[in-house]
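Please look over the sequence and the model below. A short report on selected features comes after them.

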Amino acid sequence: MASYVLYHTDGCHLCEQAEQVLLSVLGNKNELELVDILTDEQLIARFQLSIPVFKNKTGQHLYWPFDAQTVHEFLAQE
């Protein structure tokens, strides 16, 4: 089971960029679960204007834009 979540939707170029940044930091794609917000009305309501959004193990959210350094700092807070 993945430790982290990326809320995204298909066709979102920012989401694709975020996924690449996260994979470069995590190093293992099995650590990252991709959740398409269009599969759940509550996720749409919560994230439709802010995707991509990265969720860490403790449930904290990191909103786009972020880079590798920002992700490292965010993960250090877990």
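The report covers a disulfide, a histidine, an alanine and a pair of helices.

This is a predicted model: local features need pLDDT of at least 70, side-chain atom pairs count only at pLDDT 80 or more, and totals for chains, interfaces and linings use all residues. Residues are numbered from 1 along each chain as its sequence is written, and side-chain values use heavy atoms, with hydrogens and water left out.

**The disulfide**

A search of the whole structure finds one disulfide. The term stands for a pair of cysteine sulfur atoms within 2.5 Å. Here the partners are Cys12 and Cys15, with an S to S distance of 2.5 Å. The angle about the S-S bond is 75°, and the link is right-handed.

Buried means under 20% relative accessible area, exposed means over 50%, and partly exposed lies in between (1.4 Å probe, protein chains only).

| Residue | Relative accessible area | Class |
|---|---|---|
| Cys12 | 14% | buried |
| Cys15 | 3% | buried |
| His8 | 11% | buried |
| Ala2 | 22% | partly exposed |

His8 is found in strand β1, residues 4-8. Strands (E, at least two residues) and helices (H or I, at least four) are DSSP runs, numbered from the N terminus. Contact means heavy atoms within 4.5 Å. Leaving aside residues up to four places away in sequence, His8 touches Cys15, Leu34, Val35, Asp36, Ile37 and Ile51. Cys15 in that list is also a disulfide partner.

Ala2 lies in the segment before β1. With the exclusion of residues up to four places away in sequence, Ala2 touches Asn30, Glu31, Leu32 and Glu33. Ala2 and Leu34 are 32 residues apart in sequence, and their C-alpha atoms are 9.3 Å apart in space.

**Helices α1 and α3**

How do these two helices pack? Helix α1 (residues 13-26) and helix α3 (residues 68-76) meet at an angle of about 60°, and their axes are 9 Å apart. That makes α1 oblique to α3. Angles under 35 degrees count as roughly parallel, over 145 as roughly antiparallel, 65 to 115 as roughly perpendicular, and the rest as oblique. Axes are lines fitted to C-alpha atoms, for helices over the stretch in contact, and angles run from 0 to 180 degrees between N-to-C directions.

On the α1 side, the contact has Val21, Leu22, Ser24, Val25 and Leu26, and on the α3 side Ala68, Val71, His72 and Leu75. By class, the contact has seven nonpolar, two polar and no charged residues.

Key
Nonpolar A, V, L, I, M, F, W, Y, C, P; charged D, E, K, R; others polar.
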